[in-house]
Amino acid sequence: MTVTLADVAARARVSPATVSRVLNGNYPVAATTRERVLRAVDELDYVLNGPASSLAAATSDLVGILVNDIADPFFGIMAGAAQTEIGGQEGTGRGGGEKLAVVCNTGGSPERELTYLTLLQRQRAAAVILTGGALEDPDHIAAMATKLSKLADAGTRVVLCGRPPLPDSEAIVAALAFDNRGGGRRLTEHLLALGHRKIGYVAGPAERTTTRHRLEGHRGALGAGGEGFGDLEVLTVHGAYTRRSGYEATLELLRRAPDLTAVIGANDTVALGACAAVRDQGLRIPEDISVAGFDDLPFSVDAMPALTTVRLPLYEAGARAGRLAMGTEAPPPGGIATIGAELMVRGSTGAARVGGPLRG
């Protein structure tokens, strides 16, 4: 049942006019009253109507694309590809036949993610695309499922790109999930085949699905290889998906295990930081220590030496998400599709040095 302004007023024990003043911010209201009204809005999940131009239709010409960090090529490539499909379709908009794609940068904040979804709900967005890994927090997952269900009930098409589906959620048109486990496993298997037995892993934030899945692939390869691979927990450091994190974590790994012969970065940006740390320790890549990444971002092939990594088809996934959001491509069977990952072997990995790396 739709929550009305009167419902909020009754919950907050004020008049509907007072609720309107608080929400519109056009009249002074006592702080205690304002707090009571806003608490009622949150408790009832009240959503203010969007622009009057949207009221004549079930949805507007707006499509929201949520990203963690638009400056990160991982998100920028997917968002750009999706926007191309959203803005380039003819005959789908009320005016010029196009939709307006708006990129919402959450900064990795779960609160901002929910806030943007609420704002898009108010604007009666035609579709919403959520990119990248999800936060593994039960409360946030429940809040996301509720919010996405409300969007879907209002006619918004919801597509996940690069993240697994929410449990027990029927609000999703499609979920395009990358094979992070398979990619992580193949990358570690490659290093094991080169003779590496002491492999440091610079993981991403522990609470993210992408981090867990890639690390599970890495651990799976080590477990399948038998004994003699060291203590995996000791050889793992978590941090942000940034170059600085890769640099600092690699120095920490080298302090813990001076006999490391390989370092895997949670993504290519982290791996670049790892490369810098290795060189600053007077070591050569790959002669002394091999370094590998994940994603195959555009700069990885231009690194010196070129970075061994796992290629994810980011542009293709983003474009497909855009078509699914526009309804110009049929959803995959069951609404879920796993997108494959390809190992790209380049110059940053080589055979392990017997006896460990030589210090400069």
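**Entry 1: the sheet**

I began with strand 4 and strand 5, which run parallel and are joined by four bridges. The model I am reading is a predicted one.

Going on to strand 1 (residues 62-67) and strand 3 (residues 127-131), I found them paired in the parallel sense over four bridges, and I recorded Val128 in strand 3 as the bridge partner of Gly64.

With these pairs noted, I wrote down the whole arrangement: an open sheet of six strands in the order 2-1-3-4-5-11, with parallel pairing. I asked myself which strands stand at the edges. They are strand 2 (100-105) and strand 11 (336-339), and each has a single partner strand, so one side of each is left without a neighbour in the sheet. From one strand to the next I have an average twist of 15°.

Helix 12 lies across strand 3, strand 4 (157-161), strand 5 (172-178) and strand 11, and relative to strand 4 it runs at about 170°.

**Entry 2: helix 5 against helix 12**

Helix 5 (residues 73-87) and helix 12 (residues 314-326) pack at an angle of about 40°, and their axes are 7 Å apart. That angle makes helix 5 oblique to helix 12, and I recorded the crossing of the two as right-handed.

I listed the residues that make the contact: helix 5 contributes Phe74, Ile77, Met78, Ala81, Ala82, Thr84, Glu85 and Ile86, while helix 12 contributes Leu314, Tyr315, Gly318, Ala319, Gly322, Arg323 and Met326. Sorted by kind, the residues of this contact divide into ten nonpolar, three polar and two charged.

**Entry 3: helix 10 against helix 11**

I repeated the look-up for helix 10 (residues 243-256) and helix 11 (residues 268-280), which pack at an angle of about 45° with their axes 6 Å apart. Helix 10 and helix 11 are therefore oblique to each other, and their crossing is right-handed.

On the side of helix 10, I found the contact made by Arg243, Gly246, Tyr247, Thr250 and Leu251; on the side of helix 11, I noted Thr269, Val270, Leu272, Gly273, Ala274, Ala276, Ala277, Val278 and Asp280. The residues of this contact divide into eight nonpolar, four polar and two charged.

**Entry 4: cis peptide bonds**

I then turned to the backbone of the loops. A cis peptide bond joins Ile285 and Pro286, with omega at about 5°, and I placed Pro286 in the loop between helix 11 and strand 9 (290-292). A cis peptide bond also joins Met304 and Pro305, where omega is about -10°; Pro305 has its place in the loop between strand 9 and strand 10 (309-311).

**Entry 5: positive phi**

Staying with the loop between strand 9 and strand 10, I looked up Asp295, which is found there, and noted that its phi is near 115°, a positive value in a residue other than glycine. Is Asp295 buried or exposed? With a relative accessibility of 2%, Asp295 counts as buried.

Asp296 lies in the loop between strand 9 and strand 10 as well, and I recorded for Asp296 a positive phi of about 60°, although it is not a glycine. Its relative accessibility is 15%, and because the cut-off for buried is under 20%, I count Asp296 as buried.

Methods
Residues are numbered from 1 along each chain as its sequence is written. This is a predicted model: local features need pLDDT of at least 70, side-chain atom pairs count only at pLDDT 80 or more; totals for chains, interfaces and linings use all residues. Side-chain values use heavy atoms; hydrogens and water are left out. Axes are lines fitted to C-alpha atoms, for helices over the stretch in contact, and angles run from 0 to 180 degrees between N-to-C directions. Angles under 35 degrees count as roughly parallel, over 145 as roughly antiparallel, 65 to 115 as roughly perpendicular and the rest as oblique. A crossing is left-handed if the near helix is turned anticlockwise from the far one by less than a right angle, and right-handed if clockwise. Contact means heavy atoms within 4.5 Å. Ala, Val, Leu, Ile, Met, Phe, Trp, Tyr, Cys and Pro count as nonpolar, Asp, Glu, Lys and Arg as charged, and the others, Gly among them, as polar. Two strands pair if DSSP finds at least two bridges between them. Buried means under 20% relative accessible area, exposed over 50%, partly exposed in between (1.4 Å probe, protein chains only).
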